[in-house]
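Open the model in a viewer and keep the selection tool at hand.

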Amino acid sequence: MYLSLCLDRTMIESLSRRALSGSSGTYHVHALELAAARERKLKGLNVTVTFLDDTEHTFHVEKRAKGCVLLDQVYQHLELVEKDYFGLQFSEKGCIPINNKPECMRWLDPSKSIKKQLGNCQYPLFFRVKFYVSDPSKLQEEYTRYQFYLQVRRDILEERLHLPPSTACLLASYSVQSEIGDYQPDEHGPNYLSHLQLVPGQSDDMEKKNC
């Protein structure tokens, strides 16, 4: 009887040790996986992208990844279908990207290493329209057209696209219609457009024309 009890106790202790050993092994494997993940993160690149609506997002890519890997992550983040019109820009070495001046900016090459292209660049990349269509109706997705709208609006505000005053006012009116809707006297005060930056050198007279 005593031997039987001892055997039972021995079996229990053996099973307990085995269970603890297995648990320790599982923990050890999990710790190794976490360490490997941290190591991959340290070896990788964190790249911040500024979008056309001025929002930002940081993407993580492998250190040796090519530009196409980052572009795919950006397209997935935006849920963008018509991808071929867009790209990522970054500033040349030693050139501060003030208003994204063309002479300072380069397009990220999808076929080349991100690390080699960016070097030690500390500035974010910029999501921009790379190819325009002659007829906007050829754009199938409404979200694609929205990105084009944001790009054209930015080009006007940053004075890369110069327009006659009449054309600028017309485009500004479209922008107001899109973002605010019809003018409602009960809702919109006399300066309700002052918080919207529509064109460079925006004046009260121009705002009145768009009311």
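Begin by selecting Q89 and W107: Q89 stands opposite W107 in β4. Before moving on, note that this is a predicted model, in which local features need pLDDT of at least 70, side-chain atom pairs count only at pLDDT 80 or more, and totals for chains, interfaces and linings use all residues. Residues are numbered from 1 along each chain as its sequence is written, and side-chain values use heavy atoms, with hydrogens and water left out.

**The sheet**

Next, show strands β3 and β4, which pair in the antiparallel sense over three bridges. Strands here are DSSP runs of E with at least two residues, helices are runs of H or I with at least four, and both are numbered from the N terminus. Two strands count as paired if DSSP finds at least two bridges between them.

Strand β3 (residues 86-91) pairs with β5 in the antiparallel sense over four bridges. From F126, go to T50, whose bridge partner in β5 is also F126. That takes you to strand β1 (residues 45-50), which pairs with β5 in the parallel sense over two bridges.

Now select L45 and V61; V61 is the bridge partner of L45 in β2. β1 and β2 pair in the antiparallel sense over six bridges. They form a hairpin with five residues between them, and D54 in the turn has a positive phi of about 75°.

Show the five strands together: they make an open sheet with mixed pairing, in the order β2-β1-β5-β3-β4. β2 and β4 (105-107) are the edge strands, each pairing on one side only. Neighbouring strands are turned by 40° against each other on average, direction ignored; the axes are lines fitted to C-alpha atoms, for helices over the stretch in contact, and angles run from 0 to 180 degrees between N-to-C directions.

**Inside β5**

Buried means under 20% relative accessible area (1.4 Å probe, protein chains only). Show the side chains: L125, F127 and V129 point one way, and F126 and R128 the other way. In a regular strand the side chains alternate between the two faces of the sheet.

**Helices over the sheet**

Select α2, which lies across β1, β2, β3 and β5 and runs at about 135° to β2. Then select α4, which lies across β3 and β5 and runs at about 110° to β5.

**The core**

Which residues touch the most other members of the largest nonpolar core? Select V49, L70, V74, F86, L88, L125 and F127, out of 28 residues in that core. Such a core is a set of buried Ala, Val, Leu, Ile, Met, Phe, Trp, Tyr and Cys residues joined through side-chain atoms within 4.5 Å. α2 gives the most to this core, with five residues.

Finish on L70. Not counting residues up to four places away in sequence, L70 touches V47, F59, V61, L88, L108, I114 and L125, where contact means heavy atoms within 4.5 Å.

Methods:
Buried means under 20% relative accessible area, exposed over 50%, partly exposed in between (1.4 Å probe, protein chains only).
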